[in-house]
Amino acid sequence: MHRLHLTLYLTMVIAGLALDGREKRTLYGNQCPRGCRICSPANGCVRCKSRFFLLLRRTHMRQIGVCVLSCPLHHYGTGNRGFNYCTKCKIEKCDICFNKNYCTRCVDNYVEHRGQCINQCPEGTSSQNETSQKCLPKVDCGIDEWSPWGVCAKKGRTCGFKYGFQSRVRAIKLPSSSAGRCPPITDNRRCRMIHRFCPEIISNESELGNKRKNRNRKRKNDGKRQWKRKKKLRQRNETLVAKVSNRLNDLLI
């Protein structure tokens, strides 16, 4: 395949076609397909534009060159001096490869381990879940970092108490691959509240104090009126007793 690429490249150089960035030219004067700079009726595209990759597709007994923006499955992109082309993966059971020696995704029922496709993960590694196709080292539990401590609160309030509690959490990034349990993901601690007294409680207490003062003032005023009433009644009784005594004395004389 590399020999074929070299042949196509030499054909382009020998043709000596001066191309600008937009013009589409062929060896025979026909228009080239999208992304192709040089093409021929026999071999298809010979050279692609800078952003495209040359892909050779077999049609019966010959290969036709086409220009693609990204290489398809079982191929990887490479280039040399502006000549980009797609090369087929050499690794068996590989869907997507990074280069000829390293696979990044295997076909179904195979897992990737160190760039190779195997039937099952080796000892000490696992695919972590049913959909994963990559062998990773076994871990008891992958835990994220602790979040910052929350607000100090008690009974749903952030004031009104001297002490409260605050909490923090962390997430499980990777479930346990063995029978072991993950460590706690929540944590609590005692804290001292910044605001000992709540503004609304202070205002409520002041309102209660005013009501209490008004009630006491009313009681005091009621007591004064009652005392005056009793005093008048006592004076009236004393006057009446004095009149009755004087009348009795007059009758006895």
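## The C106–C117 bridge

C106 counts as buried, at 1% relative accessibility. Keep in mind that this is a predicted model. The partner of C106 is C117, and the two form a disulfide with their sulfur atoms 2.1 Å apart. That pair links distant parts of the chain: C106 sits in strand β9 (residues 102–106) and C117 in strand β11 (residues 116–118), 11 residues apart.

What hand does this bridge have? The torsion about the S-S bond of C106 and C117 is about -95 degrees, so the disulfide is left-handed. C117 has a relative accessible area of 15%, and because anything under 20% counts as buried, C117 is buried too.

How many disulfides does the structure hold? There are 9. Among them is the one joining C32 to C39, with an S to S distance of 2.1 Å. With a torsion of about -95 degrees about its S-S bond, the C32 and C39 disulfide is left-handed. C32 is buried, with 7% relative accessible area, and C39 also counts as buried, at 7%.

Another disulfide runs from C36 to C45, S to S 2.2 Å. Left-handed or right-handed? Here the torsion about the S-S bond of C36 and C45 is about 105 degrees, so this disulfide is right-handed. Both ends are tucked away from solvent by the numbers: C36 is buried at 1% relative accessible area, and C45 is buried at 2%.

## A tilted pair of rings

On to the aromatics. Searching the whole structure turns up 1 aromatic pair. The rings of F83 and Y85 have their centres 5.6 Å apart and their planes at 40 degrees, so the pair is tilted. In terms of the cut-offs, planes under 30 degrees apart would count as stacked and those over 60 as edge-to-face.

Are these two residues buried or exposed? F83 is buried, with a relative accessible area of 6%, and Y85 is buried as well, at 11%.

## Arginines over rings

Which residue has its charged end over the ring of W146? That would be R168, whose charged end sits 4.5 Å from the ring centre.

There's an arginine over a tyrosine, too: R190 lies over the face of Y163, at 4.1 Å from the centre of the ring.

Technical notes
Residues numbered from 1 in each chain as written. Predicted model: local features only at pLDDT ≥ 70, side-chain atom pairs only at ≥ 80, totals over all residues. Heavy atoms only, no water. Disulfide = S-S within 2.5 Å. Buried < 20%, exposed > 50% of the residue type's maximum accessible area, 1.4 Å probe, protein only. Helix = DSSP H or I, 4+ residues; strand = E, 2+ residues; numbered from the N terminus. Phe/Tyr/Trp six-rings, centres within 6.5 Å; stacked < 30°, edge-to-face > 60°. Lys NZ or Arg CZ within 6 Å of the ring centre and 35° of its normal.
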